[in-house]
Amino acid sequence: MTVIINSKPAIKEVVADLESRSASETTESPRNVNNIKKQGSHIWYILSSNSVSLIAFTLFILLVLLAILGPLIVPYNPLATSAVDALKSPSWSHWFGTDQLGRDVLSRVIIATRLDLLISVTAVAISFVFGSLIGAVAGYFGGWFDKVSGRFIDTIMAFPLFVLAMGIVAALGNTVENIVYATAIINLPFYARVARAEVNIRRDAGFVHAAKLSGNSDFRVLAFHIYPNTLPPMMVQASLNMGWAILNAAGLSFIGLGVRPPTAEWGIMVAEGANFIVSGEWWLAFFPGIALMLAVFTFNLLGDCLRDIVDPRQRT
């Protein structure tokens, strides 16, 4: 005996399900567009209402463009030497003058932007990832991991951070990679402490209990429900640490433990130019020092700008 199954109800259910999904997608896409527009308008409101934030954002864009387009816009080869052009003061042909080897200072300042930003971004990214993970796990689970990680962070903070970076680079060797590692290690405690405090506050919140009752594991709750809420304050901390990372890399190069000559780097250029200030060649240290100051100044102001952007009280 054959049984004939009527497939029309099943087909109708599939069609209805597809229609409901397409309807939900069509309603969600305008909603996502509206959210993007609201975020953009909020960012523009912060930048337009605060001239300092606008200046910081403009300087940040300028630094990024110089780092990306630097090799294409420099007027001279930053490594090319010329005994005839040695120690020339700023002029129309050499806006920032030349150094003791006849190299164009403007070209070297522009080229150094990429290296210093690369060191700072890489170091801050490493310390951000590992520090936030250590702090999040310690703040959520507590126990022996919280105690061990807490003592590890306290040990790092017990040393003067720049002296600790000097010791790490001196032990491992003064290469760009070791400068990045040293800078990441001394910045790690900041993110670990911020992440631990933020997670510790939120682990008993109502939405966390609701997520657990829905069947989510502890790691899923931590990764998808609690950790994203710790990102705004750590983003502000990351911007502030960017300036400190640039200053740390330049300081290591200034004392001879950083990037080696003839590589163009702001700290090396300031160190080399300091020997000629007494004899009157002020531009050798002045212009790299100004570039270093503006970079640190930009990231410090950018931290305040990010704080205003992620602060819900600033939304209108």
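Student: Why is A238 called buried?

Tutor: The relative accessible area of A238 is 14%. Buried means under 20%, exposed over 50% and partly exposed in between, with a 1.4 Å probe and protein chains only, so A238 counts as buried. This is a predicted model: local features need pLDDT of at least 70, side-chain atom pairs count only at pLDDT 80 or more, and totals for chains, interfaces and linings use all residues. Residues are numbered from 1 along each chain as its sequence is written, and side-chain values use heavy atoms, with hydrogens and water left out.

Student: Where is A238 found, and what is it in contact with?

Tutor: A238 is in helix α9, residues 231-254; helices are DSSP runs of H or I with at least four residues, numbered from the N terminus. Leaving aside neighbours within four places in sequence, A238 is in contact (heavy atoms within 4.5 Å) with V124, F128 and Y191.

Student: What makes W144 and F145 an edge-to-face pair?

Tutor: Rings of Phe, Tyr and Trp (its six-membered ring) pair if their centres lie within 6.5 Å; planes under 30 degrees apart are stacked, over 60 edge-to-face, and the rest tilted. The centres of W144 and F145 are 5.9 Å apart and the planes stand at 85 degrees, so the pair is edge-to-face. By this rule there are ten aromatic pairs.

Student: How do W144 and F145 count, buried, partly exposed or exposed?

Tutor: W144 has 66% relative accessibility and so counts as exposed, while F145, at 28%, is partly exposed.

Student: Which class do W282 and W283 fall into?

Tutor: W282 has a relative accessible area of 43% and is therefore partly exposed. W283, at 5%, is buried. Ring pairs link both into a cluster with F96, F286 and F287.

Student: Where does α6 have a kink?

Tutor: The kink lies at N187, shortly before the proline P189, and is about 35 degrees. The bend is the angle between axes fitted to the seven residues ending at a residue and the seven starting there.

Student: What makes R220 a charge over the ring of F224?

Tutor: The rule asks for NZ of Lys or CZ of Arg within 6 Å of the ring centre and within 35 degrees of the ring normal. The charged end of R220 sits over the F224 ring, 4.8 Å from its centre.

Definitions and conventions
Helix = DSSP H or I, 4+ residues; strand = E, 2+ residues; numbered from the N terminus.
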